[in-house]
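Try each task before reading its solution.

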Amino acid sequence: MSDTRSRIVGEAMRLFGELGYTATTIAKIEEAAGLSPGSGALYKHFRSKKDILSVGLRERIRTKDALTALLSTEAAPQAAASTTPRALMRAVAKSGLERLAYERDVNRILVRDLAAFPELLEEFRTAEVARNHAALTELLQARASTHATADAPDTDWSAVAAILQDALSHYWLMADIYGGTHPTGVTEDAYLDTLTDLALALVVAPSPKEES
């Protein structure tokens, strides 16, 4: 991707996130990208505003990061076997919040604008939400299998993964709405520590309790 094209995408995604898709005009994108506003220079690189949104969305969800590495199909079983349960769960949770922060503009667009583009909404669901959910489910299952006990209850790890995903997403979203600080005042570290403990309560089966 050329420097100008990359600059257009980056500035457009920022504006979409800050102002909303509808309120972001081609002229505003051109000005932010260092082009002459209203000149139509943007059309040398993209067919439309939606074309920019499509490219920007796909670029973000293709980006690899710490969460991608932790949840990769190849790495998940090895990660589950090679580190302590708490360290692994904490690293996944922290990387999840970092991923959400990196995708700040995409997340804002998702909440506010993406319903108007069902094909892009579905692409994001498949390539980002469903992919990470499946990988997290596999990781939880791999870790839990090393701590299973004969009388451990069956656990729906797909549901657990969805709950953890939703919890992280909601925490990040509320903090973003309130300027970076969660409205409850619960710090990121405290939240991650507690979420990790809750996950561990399911992943690491407790010792059987004696009958009273």
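**Exercise 1.** Find the side chain that makes a polar contact with the side chain of D105, then place D105 in the fold.

*Solution.* The model is predicted, so treat each value as computed from it. Start with the side chains: D105 makes a polar contact with R104, at 3.0 Å. Next, locate D105: helix α7, residues 104-112, contains this aspartate. Now check burial. The relative accessible area of D105 is 6%. The cut-off for buried is under 20%, so D105 counts as buried. Last, list the contacts of D105, leaving out neighbours within four places in sequence: M13, R14, G17 and R60.

**Exercise 2.** Decide whether L67 is buried or exposed, and find its contacts beyond its sequence neighbours.

*Solution.* Begin with the helix: L67 sits in α4. Its relative accessible area is 8%. That falls under 20%, so L67 is buried. Then set aside neighbours within four places in sequence. L67 is in contact with V92, S95, G96, R99 and N132. Finally, compare sequence and space for L67 and L97: they are 30 residues apart in sequence, and their C-alpha atoms are 9.2 Å apart.

**Exercise 3.** Describe the largest pocket: its volume, its lining and the helix that gives the most to that lining.

*Solution.* Take the volume: about 580 Å³. Count the lining: 28 residues, of which L100, Q165, D166, L168 and S169 are closest to the centre. Sort the lining residues: 18 are nonpolar, 6 polar and 4 charged. Then assign helices. α4, α6, α7, α8, α9 and α10 each supply at least two lining residues. α9 gives the most, with 7.

Note on methods: Residues numbered from 1 in each chain as written. Predicted model: local features only at pLDDT ≥ 70, side-chain atom pairs only at ≥ 80, totals over all residues. Heavy atoms only, no water. Helix = DSSP H or I, 4+ residues; strand = E, 2+ residues; numbered from the N terminus. Buried < 20%, exposed > 50% of the residue type's maximum accessible area, 1.4 Å probe, protein only. Polar contact = N/O pair within 3.5 Å; in protein donor to acceptor, adjacent residues only side chain to side chain. Contact = heavy atoms within 4.5 Å. 1 Å grid on protein atoms, 1.4 Å probe; cavity = no way out; pocket = protein on both sides within 12 Å on 5 of 7 lines; lining within 4 Å. Points joined across faces, edges and corners; volume = space filled by probe spheres on them. Nonpolar A, V, L, I, M, F, W, Y, C, P; charged D, E, K, R; others polar.
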